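Here is a friendly briefing to read alongside the model. Please keep the sequence and the 3D view open as you go through the points.

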Amino acid sequence: MGKTIYGSDIKQIEQGVVSKKSSPFMRYFKKNYDMYLLLIPTLVFIIIFNIIPMYGITLAFKDYNMFAAETPWKSISASEWVGFKHFKNVFGRSDFKNALANTLIISAYKILFLFPLPIIFAIFLNEVNSIKFQKGLQLIVYLPHFLSWAVVAGIFVALLSSTGVVNMMLAKLGFEKVKFMMDNSVFRKVLVFSEGWKEIGWSSIIYFAAIAGLDQECYEAAHIDGANRFQQIWYITIPGLMPTIILMLILRVGSIMDAGFSQIFAMYNPTVYESADIIGTYVYRMGLGKMDFSMGTAVGLFNSLIGLILVLSSNKLAKKATGKSIW
Amino acid sequence: MKRVLSILLAIMIIFTVVGCSGGEKADSPQTDTTVTEKEGKESDDKSDEPEGEEDPILSDEKPELKILTYYTGFNMEEQPSYEVVEEMTGYKVKWFNLPQENADEKLLLEIAGGTSYDLLMRMSTNQTNQLYVQNALVDLKPYLDKYGENIYEGISDMSLEALTDEDGMIYAIPHEPFDEPQPGDNPYGVLKGGIGFNSTYLEELGKDIPKNLDEFYDVLKAYTDKTGKPAFTQSAVGWNNHILAAFGMGDPSWYEIDGEYVHRIKHPKAVEYLAFMQKLYKEGLLDNDFPVNTAETAKEKFANGTVIAYPVMFWSIDSIYNAFEAAGLDAKVKVATYLAPDAETDPVVYIRQGILNTTCIPKTAENPEHAINWFNTISDKDNFEKIYLGEEGDSYEIKDGSYYPIFPAFDDFTNSDKFTGVAPASNVFQMWQARARKTDAMAEIYDQMNSRIDEYKTEYYYENYAASLEAVQKNKMALDTMVNDSLIQAIVDGVDPQKAIDDIIEEWDKTGGLEYEEAMKNWYKENKDKFN
Amino acid sequence: MATKQKHKISVFTIINVFILSLFGVITLLPVLHVVAKAFSGEGPVVAGLVTFWPKQFQTDTIKYVLKKPEFLSSFKVSLFVTIVGTAIAMFLTVTVAYPLSKPELKGRKFFLYIFVFIMLFNAGMVPNYLLYRSLNLTNTIWALIFPGAFSVFNMLVVKNYFESLPETVEEAARIDGASNMQTLYKVVIPMSLPVLATVTLFYAVGFWNNYMSGVLYITDPSLKPLQQYLYDLINEALETIDATGNIADIDSAMNLTGESVRAATIVVSTVPILLVYPSLQKYFVKGITIGSVKG
């Protein structure tokens with residue numbers, strides 16, 4: 001039992017070398033049924049907790065009245081279909097275009113500037129020989145991730161106000177003061193910078209792990225061959241990180257509609273709505289989803305659809321370009 | 001080997017799946033529910049029986065009550081008042097809290113989902129109304145008639161009427177605010193905040209506390225001219241009620257002008273108000289960072305002596321004095337309350353009337369009669385005092401008709417207001433004032449704020465009674481936010497104030513303002529005779 | 001760790017260490033600010049005088065927070081949820097990531113589509129609540145565990161790593177007669193410690209920092225998770241004044257928590273989760289030399 005190895009097993013099936021007693025499928029299944037057993041707990045879990053509630057997505061196309069039937073669950077089917085009413089209601093608003101544009105722009109900025117930085121940070125920290133330094137710095141830079149945005153916003157507001165440290169320094173150096181938090185041309189940069197400050201360390205953890213998993217022999221071999229540090233980074237580290245980078249990029253692009261609600265909500269103010277009001281903050285401020293579950297679902301569905309399109313297409317793109325993809 | 005392992009795994013999987021759903025039941029309070037359910041049903045049956053000599057509800061064993069209340073930062077069961085109430089009523093209460101965030105949605109979900117709370121205590125009028133509209137609330141009238149003697153006694157006719165529908169169904173019990181005088185009462189104590197001034201700076205400038213708009217501007221100007229720093233700061237609010245007073249407005253959102261009910265954005269003086277704020281901002285008298293201020297950063301600028309003025313509430317005075325000391329300032333806070341338009345005219349103090357929040361019973365309740373009985377017990381005049389303030393001479397004392405706390409006993413009553421029913425005593429407002437005199441500094445500044453109350457005109461306003469109208473619920477929040485944000489923007493941009501207000505009104509009319517206005521105007525016309 | 005050989009200290013190293021240290025200082029200072037507030041007297045905090053070092057140093061605020069019954073109960077809830085939740089989550093993640101890392105597995109693509117779908121689509125507040133309600137999970141500790149007990153994102157990270165392992169090692173194990181499950185347990189998991197440590201950290205932090213489940217499924221204050229307690233405390237201060245400039249509830253506004261107590265609560269509720277990373281760090285820095293396993 002179980003003497004045959006996995007890989008050649010498949011080959012046998014593919015080549016049609018099958019014993020006469022059982023069909024190829026049965027044979028395959030007999031060898032690999034434990035792989036499917038492994039899948040079962042998680043599949044059961046997601047069917048119960050993720051897939052069954054998906055039925056509720058129909059709310060986006062209904063006028064949900066929780067008390068329409070004897071239980072709110074039955075009320076979902078009992079509520080009236082209204083087609084795209086909720087979508088029109090949200091997307092038809094004059095300010096919505098601005099919010100959508102801001103969402104995409106801020107997200108794009110964040111991906112452009114903040115996606116590469118954790119990778120660069122991890123690679124360069126890896127180049128420091130002292131393990132103590134590596135460990136210590138890793139611990140320090142991931143600290144801000146644990147402060148909530150309300151707290152971080154308070155700190156940035158204090159630093160960047162007209163009497164804050166930054167403006168004092170600018171004034172001393174002979175520059176004009178900048179209204180960081182109240183200037184539409186600057187505020188997005190503040191958003192990108194503060195998110196970078198808070199999350200670079202945290203985001204780099206996954207790359208530390210990936211680097212730690214790289215084959216050490218390669219480095220030794222490269223060193224013996226006389227490769228310098230940059231060559232080692234370029235020919236060993238980066239290719240080794242590529243699967244992780246591609247996966248992270250695809251997932252990050254997929255969440256483009258999340259431009260950072262909690263951050264912006266904590267940091268923005270009426271004077272920068274023009275440049276920083278994203279869909280999430282707009283919907284929240286206008287109370288659109290408030291007590292209107294259907295409309296909230298509609299907005300969520302819209303975001304998910306965009307995310308799905310982006311994940312599928314960037315996955316395809318990645319496969320074409322590098323041969324690697326999520327599946 | 002393989003087989004054994006897979007069997008083991010299969011067992012494990014089954015165990016996880018079954019184990020989870022089985023395990024949580026043992027842990028959950030749901031098991032308790034079944035017990036109380038039975039008890040509840042039994043007592044239900046009994047109450048249906050023809051009334052005998054003794055009401056079984058009052059004499060039978062008392063079930064544990066499940067009460068859902070609004071967000072409190074503390075666990076109700078950890079408060080000293082919890083046991084006081086338990087001993088007083090004989091009921092054990094399991095308290096539940098709505099979250100701070102998404103409370104309205106959560107309440108609707110809980111009730112629609114069938115969770116059986118016996119009492120929904122201190123819900124907002126909006127929340128109660130949502131449930132009432134969905135027919136999810138019990139008619140309280142039969143229960144009140146039977147068990148609610150103290151409750152009836154403690155609530156005003158107007159509030160009760162507001163929560164009674166055309167069919168005579170009482171769907172909620174009103175809680176009226178403790179911290180406001182009733183019409184006809186002595187208004188002393190109604191002022192709880194104002195624009196605080198740094199006394200040292202005032203002396204250095206040789207100025208008095210400003211009483212009207214010109215004096216206010218004069219002090220700010222003198223300070224900024226002398227120091228080059230902003231003179232006044234506040235958090236990110238567009239309407240400053242203390243300054244608004246100089247333009248004939250104040251706390252209310254609605255005003256009667258020539259017999260019509262008018263929102264303050266359409267008030268004839270709104271443009272002047274905006275122009276004044278713009279002037280303060282442009283000249284650097286108003287902190288140019290105010291749109292990004294939180295309540296804290298604003299306070300900080302006042303407490304470390306950057307600005308001369310900032311809106312203070314009496315209860316923040318101790319922390320400000322601590323901060324003054326830490327910053328090396330030897331100053332007191334002198335408060336200008338509502339500003340007068342000019343030296344000849346007195347400002348108006350508007351006193352809020354209305355329903356603070358409401359208590360109701362969902363249809364899913366298992367022990368509605370017990371809940372009302374419990375609520376009635378805590379609404380008894382003596383019981384109220386005992387829960388709210390404790391015993392005279394023990395936790396509070398009365399000096400010259402004013403209530404003062406006695407420490408440390410009074411510490412137990414910090415959150416006691418959350419445990420009170422309706423306020424049956426006519427002197428609730430005076431009793432509340434014990435809270436305003438917790439420290440010497442608080443008592444002193446509270447007294448100073450109210451020292452000129454006799455010079456002010458007082459007017460009661462009733463707009464809060466309209467809070468549950470559908471058109472109000474639908475539009476008010478978004479409109480308030482829009483107006484506030486646009487005002488801040490206009491103050492910063494310095495655009496022509498008339499145009500700014502016109503633009504806001506245009507947006508207002510476009511986004512539901514007209515509907516909101518119509519509802520308020522009609523409501524006012526129908527009800528204005530009831531206001532005295 | 002990459003190169004074990006001794007290098008002379010090069011210009012590159014000096015610049016590199018300098019820039020990295022600078023970055024470290026920039027991230028550390030604001031954190032120090034919060035810590036300094038927690039150990040300062042209320043006066044200097046309110047006046048905004050505390051920068052990176054406590055003024056009027058005291059530890060009473062920390063002690064006060066640690067004694068608060070609400071804090072303690074929330075702390076216990078979060079500790080339990082984090083430990084049990086992470087264990088369940090790791091089990092669910094690894095068991096599914098391994099089969100899906102095998103390109104030959106029939107039906108793999110179908111499963112992956114399902115997982116990507118549930119990663120992107122969420123039914124929303126109402127259906128989720130109703131599900132937990134009908135399973136009688138609301139107001140139980142499980143309502144804080146199940147919502148975070150499986151993350152497709154983390155699963156993909158693990159699967160991705162499994163895929164990068166050389167197939168030869170696993171084949172060697174199978175030749176020795178190991179079943180798929182044994183291979184996973186004896187070969188794959190020991191080789192994947194860095195990524196498993198990472199994902200453990202992600203899950204633990206996710207459980208510790210989650211507050212939405214508390215908002216949605218819990219009304220019993222004794223089950224309130226620590227993050228919700230903390231979040232409420234911070235937000236209370238922001239939300240007392242409504243858009244019309246009126247104070248909604250005076251009695252609550254009067255009893256707001258002071259700024260230094262809030263800072264102290266932030267500190268004591270963050271320290272426990274900060275300890276997770278150092279304890280997992282050894283799996284990062286050592287690195288597993290795959291070569292040694294290779295036959």
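Helices (H or I, at least four residues) and strands (E, at least two) are DSSP runs, numbered from the N terminus. With that in hand, the secondary structure of chain B amounts to 21 helices and 14 strands. This is a predicted model, in which local features need pLDDT of at least 70 and side-chain atom pairs count only at pLDDT 80 or more, while totals for chains, interfaces and linings use all residues. Residues are numbered from 1 along each chain as its sequence is written, and chains are lettered from A and ligands numbered from 1 in the order in which they are written.

**Chain B overall**

- A residue is buried if 20 or more other C-beta atoms lie within 10 Å of its own, exposed if 12 or fewer, and partly exposed in between, with C-beta atoms placed from the backbone.
- On that scale, 49% of the 532 residues of chain B count as buried.
- Two residues are in contact if their C-beta atoms, placed from the backbone, lie within 7 Å.
- Taking the contacts in chain B between residues at least 6 apart in sequence, 78% join residues at least 24 apart.

**Helix α6 of chain B**

- Helix α6(B) covers residues 125-133, and its buried residues are Thr125(B), Gln127(B), Thr128(B), Asn129(B), Gln130(B) and Leu131(B).
- Just after α6(B) comes Asn135(B), with a positive phi of about 60 degrees.

**Backbone details in the loops**

- Phe407(B) and Pro408(B) are joined by a cis peptide bond, with omega about 5 degrees.
- Pro408(B) sits in the loop that runs between β13 (402-405) and α18 (428-436) of chain B.
- Asp400(B) is not a glycine, yet it has a positive phi of about 50 degrees.
- The loop between β12 (396-399) and β13 of chain B holds Asp400(B), and this residue counts as exposed because it has 5 C-beta neighbours inside 10 Å.
- In chain C, Asn136(C) also belongs here: its phi is positive, near 60 degrees, in a residue other than glycine.
- Asn136(C) is found in the loop between α6 (125-134) and α7 (142-145) of chain C, and it counts as partly exposed because it has 18 C-beta neighbours inside 10 Å.

**Where chain A touches chain B**

- The contact draws 25 residues from chain A and 30 residues from chain B.
- On the chain A side, α2 (24-51) and α8 (149-160) each supply at least two residues, and α2(A) gives the most, with 5 residues.
- Sorted by class, that side of chain A has 15 nonpolar, 7 polar and 3 charged residues.
- Here Ala, Val, Leu, Ile, Met, Phe, Trp, Tyr, Cys and Pro count as nonpolar, Asp, Glu, Lys and Arg as charged, and the others, Gly among them, as polar.

**The two domains of chain C**

- Domain bounds come from an automatic or database domain assignment, which for chain C gives domain 1 (11-58) and domain 2 (67-293).
- The centres of domain 1 and domain 2 of chain C, taken over C-alpha atoms, are 29 Å apart.
- Their contact takes 8 residues from domain 1 of chain C and 7 residues from domain 2 of chain C.
- On the domain 1 side, the elements giving two or more residues are α1 (11-38) and α2 (42-46) of chain C, and α1(C) brings the largest share, 4 residues.
- By class, that side of domain 1 of chain C has 5 nonpolar, 1 polar and 2 charged residues.
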